[in-house]
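This report describes the fold, the sheet and the nonpolar cores of the protein shown below.

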Amino acid sequence: MDKRVLRNPPTSKSQSGFTITELLLVLTLIGILSAISMPTLRGFAVTRRLKASAYTIRSLLTFARDMAITDRTPYLVVFDLDNGRCWLASSETFNPNSPLASALTAQNSTAATAAQNNTSGNPLMPTNSVQQETLTRTGGILGVPYLMEQDVTLAAMVTNRNGRTLEVNSGVGYIAFSPNATSEEALVYFRNTRNQIMSVAVEAASGRVTVRQLAAEDIETLGLETPQN
């Protein structure tokens with residue numbers, strides 16, 4: 001019997017490690033793929049934020065419509081185009097001649113009324129009864145500004161009020177909902193840094209709110225292209 005022992009048995013390829021050259025090649029390929037994919041990923045994030053803003057505004061407008069029907073009082077959504085924000089307002093605190101100032105007062109109006117009632121010295125009115133009166137479905141968001149997502153701006157707003165079409169590119173505008181669910185024909189346009197634009201439309205007869213992303217031809221037709229410096 002041959003008892004010779006192989007001191008250096010051959011190793012299989014699966015047991016061998018990677019060489020420095022192979023590791024450097026893999027890292028280089030990973031770097032190249034990352035450089036190619038990063039712009040796409042950033043573009044995806046920008047598009048997602050645009051859609052998030054548009055659908056959030058749709059929800060706010062729908063909520064205003066529902067509250068107008070439920071409370072039997074008009075509700076509005078006010079848009080501050082210069083500062084990229086909007087909020088829910090009640091007709092009880094809203095002044096169309098000064099929409100920015102009057103709408104913001106709604107944020108603290110309920111709390112101020114509760115504080116006055118609580119300190120009025122009426123021993124027959126317990127504190128918890130005041131709190132119950134101020135807890136409403138709109139109490140938490142009435143007058144509280146919602147800011148657009150990062151890299152998203154309010155591009156324009158078009159309303160048809162009393163048979164007159166009004167386009168607003170700056171300043172303040174608003175959309176009102178009546179207790180019978182009707183509104184005014186309105187369009188709100190949102191733009192991101194990639195010049196993608198989405199529209200939120202309100203139907204006058206039903207107050208129904210829809211969202212749509214505009215094609216490049218629609219953006220050009222509407223004149224909503226980003227101004228060239």
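Within strand β2, Cys 86 is the bridge partner of Phe 79. Strands here are DSSP runs of E with at least two residues, helices are runs of H or I with at least four residues, and both are numbered from the N terminus. The model is a predicted one, in which local features need pLDDT of at least 70 and side-chain atom pairs count only at pLDDT 80 or more, while totals for chains, interfaces and linings use all residues. Residues are numbered from 1 along each chain as its sequence is written, and side-chain values use heavy atoms, with hydrogens and water left out.

Two strands are taken to pair if DSSP finds at least two bridges between them.

| Strand paired with β1 | Sense | Bridges |
|---|---|---|
| β2 (residues 85-90) | antiparallel | 6 bridges |
| β6 (residues 172-177) | antiparallel | 6 bridges |

On the β6 side, Phe 79 stands opposite Gly 173, and Val 78 has Tyr 174 as its bridge partner. β1 and β2 form a hairpin with 4 residues between them. In that turn, Gly 84 has a positive phi of about 60°.

These strands belong to an open sheet of 4 strands in the order β3-β2-β1-β6, with antiparallel pairing. Its edge strands are β3 (146-147) and β6, each of which pairs on one side only. Strands of a sheet pair through backbone hydrogen bonds, either parallel or antiparallel.

All 6 of the 6 residues of β1 (residues 75-80) are buried, so this strand is largely enclosed by the rest of the structure. Buried denotes under 20% relative accessible area, exposed over 50%, and partly exposed the range in between (1.4 Å probe, protein chains only). Both faces of β1 are covered: Tyr 75, Val 77 and Phe 79 are buried on one side, and Leu 76, Val 78 and Asp 80 on the other.

## Nonpolar cores

A nonpolar core is a set of buried Ala, Val, Leu, Ile, Met, Phe, Trp, Tyr and Cys residues joined through side-chain atoms within 4.5 Å. The largest such core has 31 residues, and those with the most contacts inside it are Leu 61, Phe 79, Ile 175 and Phe 190. Elements giving two or more residues to this core include α1, β1, β2 and β6, as well as β4 (152-161) and β7 (185-192). Helix α1 gives the most, with 9 residues.

Contact means heavy atoms within 4.5 Å. Leaving aside neighbours within four places in sequence, Ile 175 is in contact with residues including Leu 61, Tyr 75, Val 77, Phe 79, Met 157 and Val 202.

## The whole protein

The protein has 4 helices and 9 strands, which run α-β-β-α-α-β-β-β-β-β-β-β-α from the N terminus on. Of its 229 residues, 33% are buried. Among contacts between residues at least 6 apart in sequence, 59% join residues at least 24 apart.

Ile 20 lies in helix α1 (residues 20-71). Ile 20 counts as exposed because its relative accessibility is 61%.
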